[in-house]
Amino acid sequence: KDLKKIYFILPVVLFAVFLIVFILNTLFIIWIDTHKVFSSPIILKSDYKYPVIKTEFIPKISATGAIIMDADSKVVLYAKNPDLRFSPASTTKIMTAMIASDYFKPKDLLTVKNSTSEGSTIGLIAGQNFTFENLLYAMLLPSANDAALTVSENIPGGTPVFIRAMNKKTKYLDLPHTHYGDPAGLLDTQDYTTPFDLARLSSFALDYPLIKKVVSTKEKVITDITGTSVYSLNNLNKLLGIDGVNGIKTGFTQEAGQVLVTSKLEKGKTIIIVVMGSEDRFLDTAKLLDLVSYNLTYLSLHP
């Protein structure tokens with residue numbers, strides 16, 4: 001009888017030990033993932049210089065939140081509610097473009113798995129095949145939600161895995177007030193960021209040569225791989241090409257209001273301008289451009 005009890009109890013004890021070890025291991029992995037220290041995404045350069053506005057004035061803008069940031073040094077030159085959270089709307093696609101660019105090569109072929117008509121689209125049809133580069137143009141010029149969805153659905157695990165990668169990237173880039181719920185920027189209740197985080201994100205996005213090329217493009221004609229489906233794309237950024245503006249992304253939902261991320265080349269340096277919750281994003285940005293145009297000096301940093 002004692003032997004039978006041992007034979008009965010031993011498997012139970014072993015299973016209980018296995019279960020405890022498994023749970024502890026899982027908790028340990030989660031702890032490591034949440035406490036890991038990432039290497040800095042900023043590449044140090046020997047020619048870093050500290051930007052300073054020579055003649056300061058306060059622009060009158062309608063935007064609830066705004067910021068001007070030097071892309072290299074991440075120095076803030078102007079700010080209005082820089083840490084207030086807003087819905088990023090379609091500027092979400094900046095992160096989507098980065099995650100997709102980490103995974104796909106420009107000529108990789110992606111398949112449209114599901115068509116959608118929600119928000120801004122170009123009318124992609126399930127079953128069509130496009131190069132990743134062409135989908136990037138569709139996503140960043142006319143802000144096509146169906147292109148963003150297609151890109152996210154083509155990685156292993158699909159959109160849920162893609163969104164997790166987006167939120168993991170926020171930790172690596174040190175964007176503590178940013179979260180994404182979808183790849184297109186349609187979920188105002190789940191997508192949020194701040195002017196500071198969005199400017200910082202955009203400065204890193206411009207380190208991707210393909211993204212930098214795409215956002216500086218005014219017009220583009222793309223086709224599927226058969227060449228039978230042709231799409232003429234126009235960049236929604238009305239300031240592109242004016243006063244050194246060379247990017248980057250527009251956004252709008254009823255809750256977010258008008259959003260615009262702008263990049264400008266000034267004295268060989270890239271300046272990022274963000275306006276959020278704006279009533280006139282292009283006018284607000286034009287006023288902020290006046291603040292930095294021919295009005296910056298760069299001080300050498302000495303050890």
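Start by selecting K74: this residue is buried, with a relative accessible area of 13% (buried means under 20%, exposed over 50% and partly exposed in between, using a 1.4 Å probe and protein chains only). K74 sits in the loop between β2 (65-70) and β3 (76-80), where strands are DSSP E runs of at least two residues and helices are H or I runs of at least four, numbered from the N terminus. Although K74 is not a glycine, its phi is positive, about 65°.

A word on what you are viewing: this is a predicted model, in which local features need pLDDT of at least 70, side-chain atom pairs count only at pLDDT 80 or more, and totals for chains, interfaces and linings use all residues. Residues are numbered from 1 along each chain as its sequence is written, and side-chain values use heavy atoms, leaving out hydrogens and water.

Next, select Y294, in the loop between α8 (281-292) and β11 (296-300). Y294 is not a glycine either, yet has a positive phi of about 55°. Is Y294 buried or exposed? With 69% relative accessibility, Y294 counts as exposed.

Now go to G247 and I248. The peptide bond from G247 to I248 is cis, and its omega is near 15°. You will find I248 in strand β8 (residues 245-253).

Finally, zoom out to the whole protein. How many helices and strands are there? The protein has 8 helices and 11 strands. Of its 303 residues, 50% are buried.
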